[in-house]
Number of protein chains: 2
Amino acid sequence: MRGSRTTTRISVAAPTLADVAESAGVSRQTVSNAVNNPDLLRPDTLVRVQEAIAELGYVPNRAARNLRTRASHLVGLRLSPVLEGNATAVGDRFVHSLVWTSREAGYHVLLFSGEGPAAIDGYEDLLRSTAVDAFVVTDTYLGNPQATWLRERRAPFVAFGRPWDDPDARHPWVDVDGAAGTEMATRHLLDKGHTRVAWIGWRKDSFIGEDRRSGWSRALRERGLSTTGMASRVEDTVSSGREASAVLLDEARPSAFVCASDTLAMGVLHTLAERGLQPGRDIAVAGFDDSQVAQVVHPGLTSVRQPLEEVAVAVVRSLEDLLATPSYVGEGLLLTPSLTVRPSTG
Amino acid sequence: MRGSRTTTRISVAAPTLADVAESAGVSRQTVSNAVNNPDLLRPDTLVRVQEAIAELGYVPNRAARNLRTRASHLVGLRLSPVLEGNATAVGDRFVHSLVWTSREAGYHVLLFSGEGPAAIDGYEDLLRSTAVDAFVVTDTYLGNPQATWLRERRAPFVAFGRPWDDPDARHPWVDVDGAAGTEMATRHLLDKGHTRVAWIGWRKDSFIGEDRRSGWSRALRERGLSTTGMASRVEDTVSSGREASAVLLDEARPSAFVCASDTLAMGVLHTLAERGLQPGRDIAVAGFDDSQVAQVVHPGLTSVRQPLEEVAVAVVRSLEDLLATPSYVGEGLLLTPSLTVRPSTG
DNA sequence: TCCGAGCTCTTGAACGATCCAAGCGGAGTG
DNA sequence: CACTCCGCTTGGATCGTTCAAGAGCTCGGA
């Protein structure tokens, strides 16, 4: 078949369905069925075809399959620009988990980039050109134009992150209960005997930041402790954390800090180092994200760990439902983080 | 055209080349040329077609294009499993850079996973199914079966990392001169007045580790200083770095450490903290990779920074050459890192 | 014996783009 | 004026797969 077409060509072109069909003495469709619906074949035929496939080393051509089935088995993931100086390796840990999980579901992850309007273009292009079947959206911060755009466009996507700005949003999402995480961290400190536990979080316009803060205040009030004057809201940088902790130490005299991120917690460690205070012994510190920094810093930073592997599994599951059922009504799933305890909390 | 086929269908199916052609009153080929070879069209025709494209919101279907042209404009990148507890965010920084750079070249990055033999299967599958045009290989450590396999298979790929085990390898690669980096770090310390500079590196079977070590020893010998007893070779973990530095401090009495990685450098910081020594003031420490950890740790870790953006650019350029010229003979490119100086070296 | 059901396999067409070679018109030339 | 040539345009074929429909066979029941 292939040989008759190109008689002089020596180099082996990739075998096609037709080649396998001829080799096995069956039709193309039968080979296709052997690959995609083995149940339809008589056992002996199936074996024959499979042998031919193995012998020729046949692998279906994705482009052709994608064209016919209108599916690429790719999910698009936009990589947000790196934020240097930030301790958030969360994104990357998630990417790893997502890649691993989607492989088992027969999907691959396609990365793309773009900021602002260019990001929308990226989504648009990949979607229109049928390059991907769906998207995974990771940063659903307030008024994120991406999520809004995707929603309006009825583009299939699953979000890692709640639709904070729109509780009626009907798309599937998976998120981690940040409040529960900070609550665990705070309780852990209270159980250790601390009564003055300070909070360093993000600016008020961050839904995620306020959510995490609520876990801290809930834990304190639960024990009848006041939160007044014990909180600070700053940018998510090391120096902000350093300055905020210095001020809090002077004014509120806390014996422990709970932070909205490991980055901020590192800022606290800076302040302690500058004042000759020892983390864990003199002042307790807890962070959020369990980043690499938390793991390798001295003396080891207690941190809230997001179950990113579970998140990835849930995201992929939603993705499968979404693609199997076009009318799929999204639902949300909230996972609970865990606390990784290290010496920084004594 | 499209309407005549599906008269009752209201929902707008994606417009095809034929739809645009009809709308603009030209043939399919003319539309195709308008997209791919605008020069071939008479200016007024071009405008007319482009207007029709814009009006219908036409975007070429990738699957169809891929099928015809036998190219996917995707490059595969295998994500190696995360190593928790390691400070190497290098991989992730590189991924970001690669995604950004390849976008400008019209390529997207396809992630996949798999360890050991499964990794080979991943390559095999993506290659045979024409899912990707080429690969980017990142870990070309000693006897890496992937690189060998790809080479034998004549699969198009560009490596980030030298072919250590085979100097005759004729594939394109880009790497960073680790020895130059450690040499810079060591010189920086010597210039600061240190005369006893210790080395903590990886085990001897690591080419990369030995390369980095050579930069350190070269810098010392250049100044007539002896390296005897000043080096330790261990696993790339924080605790190994801690133990090695403790031993070296006792036996060799160095005033500075140069490490093969930030992970090991963090181990040194642990030892210093345990002994009440202050990094930068009492003992100088330099790491390698300029990871997030180096940036956020107290007091800031001097570290060798790989020019990953440049690496990505070079990799993509090689990729383009490779794909444009099937017989492309690979060449290697060695880039020089820079030194990010922070308080840990005084 | 005949018919229909059920199973297995085959056939022709379609997916949407690009490549190919021929067609067509207009400008340039003898 | 006829002819050639150049450049844009055209229809048809093609990439490799899956879909939809149908053909051949066996088997059981009337």
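User: This is a predicted model. Which atoms of DNA strand D lie within 4 Å of the protein?

Analyst: Of the atoms of DNA strand D within 4 Å of the protein, 64% belong to sugar or phosphate. The rest belong to bases. Keep in mind that the model is predicted.

User: How many residues surround DNA strand D, and which are the closest?

Analyst: There are 27 residues around DNA strand D. The closest are A:Leu17, A:Gln29, A:Ser32, A:Tyr58 and B:Arg70. By class, this surface has nine nonpolar, 10 polar and eight charged residues.

User: Which helices supply the surface near DNA strand D?

Analyst: Both chains take part. From chain A, helix H1 (2–5), helix H3 (28–36) and helix H5 (62–69) each supply at least two residues. The largest share, five residues, comes from H5(A).

User: What do individual side chains touch on DNA strand D?

Analyst: The side chain of A:Arg65 has an N or O atom 2.9 Å from a phosphate oxygen of DNA strand D. A:Arg68 has a polar side-chain atom 2.7 Å from a base oxygen of DNA strand D. For B:Arg68, a side-chain N or O atom is 2.9 Å from a base oxygen of DNA strand D.

User: Now the two protein chains. How is the size of an interface given?

Analyst: It is often given as the accessible area lost when the parts come together. Here chain A and chain B bury about 5000 Å² between them. Carbon and sulfur atoms carry 60% of that area. In residues, 57 of chain A are in contact with 57 of chain B.

User: What about salt bridges between chain A and chain B?

Analyst: Side chains of opposite charge can pair when their charged atoms come close. Two salt bridges are counted between chain A and chain B. A:Asp125 forms a salt bridge with B:Arg62, with the closest N and O atoms 2.8 Å apart. There are also 19 residue pairs in polar contact between chain A and chain B.

User: Which elements of chain A give two or more residues to the side that touches chain B?

Analyst: They are H5, H6, strand E2 (108–112), helix H7 (117–128), helix H12 (262–274) and helix H13 (292–296) of chain A. H6(A) gives the largest share, seven residues. The residues on this side of chain A divide into 30 nonpolar, 17 polar and 10 charged.

User: How is chain A divided into domains?

Analyst: The domain assignment gives domain 1 (2–60), domain 2 (74–177 + 308–337) and domain 3 (178–306 + 340–345). The C-alpha centres of domain 2 and domain 3 of chain A lie 29 Å apart.

User: What joins domain 2 and domain 3 of chain A?

Analyst: Start with contacts: 17 residues of domain 2 of chain A are in contact with 20 residues of domain 3 of chain A. The buried area is about 1600 Å², and carbon and sulfur atoms give 57% of it. One salt bridge is counted between these domains. A:Asp211 forms a salt bridge with A:Arg162, the closest N and O atoms being 3.2 Å apart. Helix H6 (90–104) and helix H14 (308–324) of chain A each supply at least two residues of the domain 2 side.

Definitions and conventions
Residues numbered from 1 in each chain as written. Chains lettered and ligands numbered in written order. Predicted model: local features only at pLDDT ≥ 70, side-chain atom pairs only at ≥ 80, totals over all residues. Heavy atoms only, no water. Domains from an automatic or database assignment. Contact = heavy atoms within 4.5 Å. Buried area = accessible area lost by both parts, 1.4 Å probe. Salt bridge = Lys/Arg side-chain N within 4 Å of Asp/Glu carboxyl O. Helix = DSSP H or I, 4+ residues; strand = E, 2+ residues; numbered from the N terminus. Near = heavy atom within 4 Å. Polar contact = N/O pair within 3.5 Å; in protein donor to acceptor, adjacent residues only side chain to side chain. Nonpolar A, V, L, I, M, F, W, Y, C, P; charged D, E, K, R; others polar.
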